[in-house]
Structures are given as structure tokens and as C-alpha cells.
Amino acid sequence: MAPNPFLVSVTALKRGPGGTVQSERRCGVLAGLAVTSAHVPDGIEVCVDVDLESVHGGIMAHGTVTTTWEGECRRCLGPAAGTVHAEVRELFEPGSDADETYPLMGEQLDLAPLARDAVLLELPQAPLCAEACQGLCPTCGANLNEGGCSCRAQATDPRWAALDALRHET
């Protein structure tokens, strides 16, 4: 079994509480990072860059978590990709409450749960290939990013006219 790249020894940090900072950069692969239509591809590393500080009752970690993601564009169903860059500030403490803090296990802390939570919260729920993606024609299904289609604009129900006016204002 491969060693966990996210385990950090905090022995020296615990000896000098208050003001002592230990910078850590840890990268590794975390499996199963996916939400509805975006995921971190297999084999792609998640990197955690944090400053660890000894505080009363535990270790405070603050920094960033970064990785890349892939998914399916919600408008045109084509491939979409991007980068997750999550800011984190979390407390590790012995006897942690699993909902509020992360566990500090003796002289080590594991940054993997923090990285997993940060990535899952930052993955896009509705990814786009580009902000200006025009999507698919609702009539014929042609990709409007690749050109127009011969479908005519459909007559709309007059009851929706007020909402159509709002669409044109934005």
C-alpha cells in the first residue's frame, strides 16, 4: 500500500504553540471526486498548499487546494474543463467533531479529507465549455456554436411575453 501523500507530521509545530508556522505543499491522487456533471479525471493530482499554525487546542490550516476538472457543458453537451482553486481555513483538533473540525491524530494530520471536501464544494454543478456558449437549437438540436440552423424562431405564447422581454434586457 502506497503511503498517504497528504499525511503531515506536526511534532515540531506542537512544541511551539502560537506564532509558529509550517508551510506544506502536498499533492496526490484522490479517487471519486465527482458531482452531477463534473469530475476530477482519474490520475489527476490534487495539490494542497497550506500554512499550518499551532493554536490553542489544535492546528489551524489555511491556504489553497487546486486541481483540474472535466465535464459536459450544460448548454451544448460538448466537453468542458477548468481549474478548481479553493481557499481553505480549517481547524484540526484531537477528538474533533466530524461536522465542524478535522481530526488531529497524535503528531500527524491528514490533509486528504480537507482536500476532498474543498474540491467537491468547488466543482461546478452546471459546467460550461465557454461563458458565451450558445447551446443547442431546441428544434433541430444543431450546435449553435458551430453556426446557425435553418429553424425559424418559434412563435411564443403571449402569456410568456413579459419573461421574454426580461431575457432580451440581460
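Cys27 and Cys47 form a disulfide, with their sulfur atoms 2.1 Å apart; a disulfide is here a pair of cysteine sulfur atoms within 2.5 Å. By this rule the count comes to one disulfide. This is a predicted model, in which local features need pLDDT of at least 70 and side-chain atom pairs count only at pLDDT 80 or more, while totals for chains, interfaces and linings use all residues. Residues are numbered from 1 along each chain as its sequence is written, and side-chain values use heavy atoms, with hydrogens and water left out.

The torsion about the S-S bond of Cys27 and Cys47 is about 115 degrees, so the disulfide is right-handed. Because Cys27 lies in strand β2 (residues 21-29) and Cys47 in strand β4, the pair ties together parts that are 20 residues apart in sequence. Strands (E, at least two residues) and helices (H or I, at least four) are DSSP runs, numbered from the N terminus.

Cys27 is partly exposed, at 22% relative accessible area, whereas Cys47 is buried, at 10%. Buried means under 20% relative accessible area, exposed over 50%, and partly exposed in between (1.4 Å probe, protein chains only).

Cys140 has its closest cysteine sulfur in Cys151, 3.6 Å away, which is too far for a bond. Cys140 is partly exposed, with a relative accessible area of 44%. Cys151 is in no disulfide and is partly exposed as well, at 28%.

The loop between β3 (38-39) and β4 (45-55) contains Asp42. With 79% relative accessibility, Asp42 counts as exposed. Asp42 and Ala31 are eleven residues apart in sequence, and their C-alpha atoms are 7.0 Å apart in space.
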